Amino acid sequence: MEQNTRYKLEDVPLSQLEKVGVKRDFMEKMDQRELTDFLNGFRSQKLYTVNAKINDETYRLPAKIRLHREGDEVKVRIHPIQRLHIPDQYMGHTFTNEEKTALINDRNMGKVIELQDLSGKKDKYFIGVDSKTNEIIPL
């Protein structure tokens, strides 16, 4: 039985992935659940080593990858490991000191809050911190 996903294998922009240093066969090494999640636009479970250009220097950095759509194109978004930083505001929400502490210590806020996306639409989200990249993730 074929599983429905947001993107199909043939949608994956392999040339874009190769540009950042991810080999074409990376999806063959994913287990079925990780591949399904990846094709649904979720971040990869594993870290991949990618090329990053910073101040005209090229570096190899560990990062998670995911697919996303820009207009009619499927593109790859790179999520490198970063230092944990909780901003004062995020998607229209101002974090309290207690919320910041929960994100730092527990890696989630333990509650749902209202956030506003780029189009101005408001919705309820659970906020967590990716354990590998230290990025804030709205779910």
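Biologist: Which residue stands opposite Val112 in S7?

Modeller: This is a predicted model, in which local features need pLDDT of at least 70, side-chain atom pairs count only at pLDDT 80 or more, and totals for chains, interfaces and linings use all residues. Residues are numbered from 1 along each chain as its sequence is written, and side-chain values use heavy atoms, without hydrogens and water. Strands (E, at least two residues) and helices (H or I, at least four) are DSSP runs numbered from the N terminus. Across from Val112, the residue in S7 is Phe126.

Biologist: How many bridges join S6 to S7?

Modeller: Two strands count as paired if DSSP finds at least two bridges between them. S6 and S7 run antiparallel, and Ile113 stands opposite Tyr125 in S7. The number of bridges that join S6 to S7 is six.

Biologist: Which residue in the turn between S6 and S7 has a positive phi?

Modeller: S6 and S7 form a hairpin, with five residues between the two strands. The residue in this turn has a phi of about 95°, and its name is Gly120.

Biologist: In S8, what is the bridge partner of Val129?

Modeller: S7 and S8 pair over three bridges in the antiparallel sense. Their hairpin has six residues between the strands, and Asn134 there takes a positive phi near 65°. The partner of Val129 in S8 is Ile136.

Biologist: In what order do the three strands S6, S7 and S8 form an open sheet?

Modeller: Strands of a sheet pair through backbone hydrogen bonds, either parallel or antiparallel. Here the pairing is antiparallel, and the order is S6-S7-S8.

Biologist: Which strands are the edge strands of that sheet?

Modeller: An edge strand here pairs on one side only. The edge strands are strand S6 (108-116) and S8.

Biologist: At about what angle does helix H3 run to S6?

Modeller: Axes are lines fitted to C-alpha atoms, for helices over the stretch in contact (heavy atoms within 4.5 Å). Angles run from 0 to 180 degrees between N-to-C directions. Helix H3 (residues 97-106) lies across S6 and S7, and its angle to S6 is about 125°.

Biologist: In S3, what is the bridge partner of Arg66?

Modeller: Another open sheet of three strands has the order S1-S2-S3, with antiparallel pairing. Its edge strands are strand S1 (48-54) and S3. S2 and S3 pair over eight bridges, and the partner of Arg66 in S3 is Arg77.

Biologist: What is the volume of the largest pocket?

Modeller: On a 1 Å grid over the protein atoms alone, a pocket is an open set of points where a 1.4 Å probe fits, with protein on both sides within 12 Å along at least five of seven lines. Grid points are joined across faces, edges and corners, and a volume is the space filled by probe spheres set on the points. For the largest pocket this gives about 980 Å³.

Biologist: Which element gives the most to the lining of the largest pocket?

Modeller: Lining residues have an atom within 4 Å of a point. Of the 33 residues that line the largest pocket, the closest to its centre are Arg43, Arg66, Tyr90, Ile137 and Pro138. The elements that give two or more residues include strand S3 (73-80) and strand S7 (122-129). With four residues, the element that gives the most is S2.

Biologist: How many helices and strands are there in the protein?

Modeller: Read along the sequence, the pattern is α-α-β-β-β-β-β-α-β-β-β. The protein therefore has, as DSSP runs, three helices and eight strands.
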